[in-house]
Amino acid sequence: MITALLRRLGQTVFVLFGISALVFMVFFATPGADPTARIAGRNASPQTMEKVRKEYGFDRPLPVQYATMMKKLFITQDLASYVDRGELVVPEIARAAPVTVSLVCGAAVIWVVVSIAMGTVAAALKGTWIDRSLMMLGLVGISMPVFWLGQVTNLITQSRYHDTWLFSWVPGLGYVPLTENPWGWFKALVIPWVVLAVMFIGIYSRVLRADLVALSGEDFMRTARAKGLSPTRVLLRHGLRTSLVTFVSLFGLDFAQLVGGGALLTEVVFGLPGVGRLTYQALTNLDLPLIMATVMYSAVFVVLANAVVDSVYLLLDPRVRDAR
């Protein structure tokens with residue numbers, strides 16, 4: 001198992017290097033485009049252009065430029081946005097990251113708990129009206145775009161019915177830090193949590209139900225039933241644990257993608273100053289250093305999360321451990 005983990009760590013380092021090189025080439029080494037003008041922004045003065053060219057080493061070979069960029073991004077962390085009056089982009093992302101992590105972690109707890117409950121109950125009652133109703137609810141959740149659901153929720157809770165007893169507790173759009181006001185933090189995020197979780201509840205519950213139904217005919221499940229174990233124990237202890245391998249795989253990638261900025265629409269709709277909204281603003285302003293930093297942040301987080309998922313595989317499924 002140690003060998004498998006070390007091998008996976010080596011693969012992770014190699015992938016991270018490849019992604020960083022690819023991102024650098026796309027943003028700064030595109031033929032026929034001057035990266036100096038991109039970083040300096042629109043209508044930059046000749047003095048600013050010259051400063052950027054020397055600071056980033058654009059008058060030197062590509063490997064030196066790549067090393068300079070990675071140093072500014074990961075070591076000295078002094079990569080600056082000339083569009084935003086010299087604001088350092090790494091501290092800016094660091095300030096936005098807790099907002100995104102708070103949003104995604106809360107939504108993840110909701111969608112994991114609810115989808116496991118829905119998928120397990122639907123599989124246990126396969127073919128009944130409860131099974132069909134739960135799967136139909138999941139399909140409805142998948143079909144609703146998060147930006148539409150968020151806008152409808154805001155219309156109900158922030159405008160039309162805000163003064164009623166049901167939604168009078170809902171605060172205005174924005175974010176309250178957990179360290180300043182835990183109860184305010186919860187109230188500001190509980191509705192975005194639910195909105196973000198709805199689609200994933202539909203997807204995960206349907207996937208889990210399908211896996212549990214498929215596993216019900218496997219030899220190890222029949223053996224467990226032949227030993228006299230109760231149907232509930234067979235389903236939860238044997239079927240659910242095996243099905244969680246697929247569940248964990250989906251969760252790891254989706255969670256990493258959301259923390260890396262995939263919750264952009266939710267953050268924009270609810271006015272949350274997270275990484276997704278920061279990326280949206282950078283794209284709107286064509287702020288190249290900030291765009292590159294958020295892309296690298298997202299890529300690194302996804303790759304590391306994928307490595308963690310592979311490690312969890314080794315614990316959940318002995319067959320994976322033996323194959324490595």
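At 31% relative accessibility, Asp-78 counts as partly exposed, because relative accessible area under 20% is called buried, over 50% exposed, and anything in between partly exposed, as found with a 1.4 Å probe on protein chains only. This residue belongs to a predicted model, in which local features need pLDDT of at least 70 and side-chain atom pairs count only at pLDDT 80 or more, while totals for chains, interfaces and linings use all residues. Residues are numbered from 1 along each chain as its sequence is written, and side-chain values use heavy atoms, with hydrogens and water left out.

Asp-78 forms a salt bridge with Lys-72, and the closest N and O atoms of the pair are 3.8 Å apart. The term salt bridge refers to a side-chain nitrogen of Lys or Arg within 4 Å of a carboxyl oxygen of Asp or Glu. In general, side chains of opposite charge can pair when their charged atoms come close. Lys-72 counts as buried, at 8% relative accessibility.

The structure as a whole holds three salt bridges. Another of them joins Glu-50 to Arg-53, with 3.4 Å between the closest N and O atoms. Both residues lie in helix H3 (residues 46–56), three residues apart, which is about one turn of the helix. Helices (H or I, at least four residues) and strands (E, at least two) are DSSP runs, numbered from the N terminus. Glu-50 is partly exposed, with a relative accessible area of 36%, and Arg-53 is also partly exposed, at 24%.

Helix H3 also contains Glu-55, which is partly exposed at 25% relative accessibility. When residues up to four places away in sequence are not counted, Glu-55 touches Thr-68, Lys-72 and Tyr-82; contact here means heavy atoms within 4.5 Å. Glu-55 and Thr-68 are 13 residues apart in sequence, and their C-alpha atoms are 8.7 Å apart in space.

Gln-77 is placed in the loop between helix H4 (62–75) and strand S1 (80–81). Most residues other than glycine have a negative phi. Gln-77, although not a glycine, has a positive phi of about 55 degrees. At 36% relative accessibility, Gln-77 counts as partly exposed.

The remaining salt bridge is that of Asp-131 with Arg-209, where the closest N and O atoms are 2.6 Å apart. The pair links distant parts of the chain, for Asp-131 is in helix H6 (residues 129–143) and Arg-209 in helix H8 (residues 182–215), 78 residues apart. Asp-131 counts as buried, at 4% relative accessibility.

The two helices joined by this pair can now be considered together. Two packed helices are described by the angle between their axes and the distance between the axes. H6 and H8 pack at an angle of about 140 degrees, with their axes 7 Å apart. Axes are lines fitted to C-alpha atoms, for helices over the stretch in contact, and angles run from 0 to 180 degrees between N-to-C directions. H6 and H8 are therefore oblique to each other, since angles under 35 degrees count as roughly parallel, over 145 as roughly antiparallel, 65 to 115 as roughly perpendicular and the rest as oblique. Their crossing is left-handed, a term used if the near helix is turned anticlockwise from the far one by less than a right angle, with right-handed used if clockwise.

Where H6 and H8 meet, the residues from H6 include Asp-131, Met-135 and Gly-138, and those from H8 include Val-198, Gly-202 and Arg-209. By class, this contact of H6 with H8 has six nonpolar, four polar and three charged residues. Ala, Val, Leu, Ile, Met, Phe, Trp, Tyr, Cys and Pro count as nonpolar, Asp, Glu, Lys and Arg as charged, and the others, Gly among them, as polar.

H6 also packs with H5, at an angle of about 145 degrees and with the axes 8 Å apart. The crossing of H5 and H6 is left-handed. Met-118, Val-121 and Ala-122 in H5 meet Ile-130, Asp-131, Leu-134, Met-135 and Gly-138 in H6. The residues of this contact divide into six nonpolar, one polar and one charged.

Thr-100 is found in helix H5 (residues 89–124) and is buried, with a relative accessible area of 0%. Leaving aside neighbours within four places in sequence, Thr-100 is in contact with several residues, among them Leu-258, Glu-267 and Gly-276.

The whole protein has 14 helices and two strands. Of its 324 residues, 41% are buried. Among contacts between residues at least 6 apart in sequence, 67% join residues at least 24 apart.
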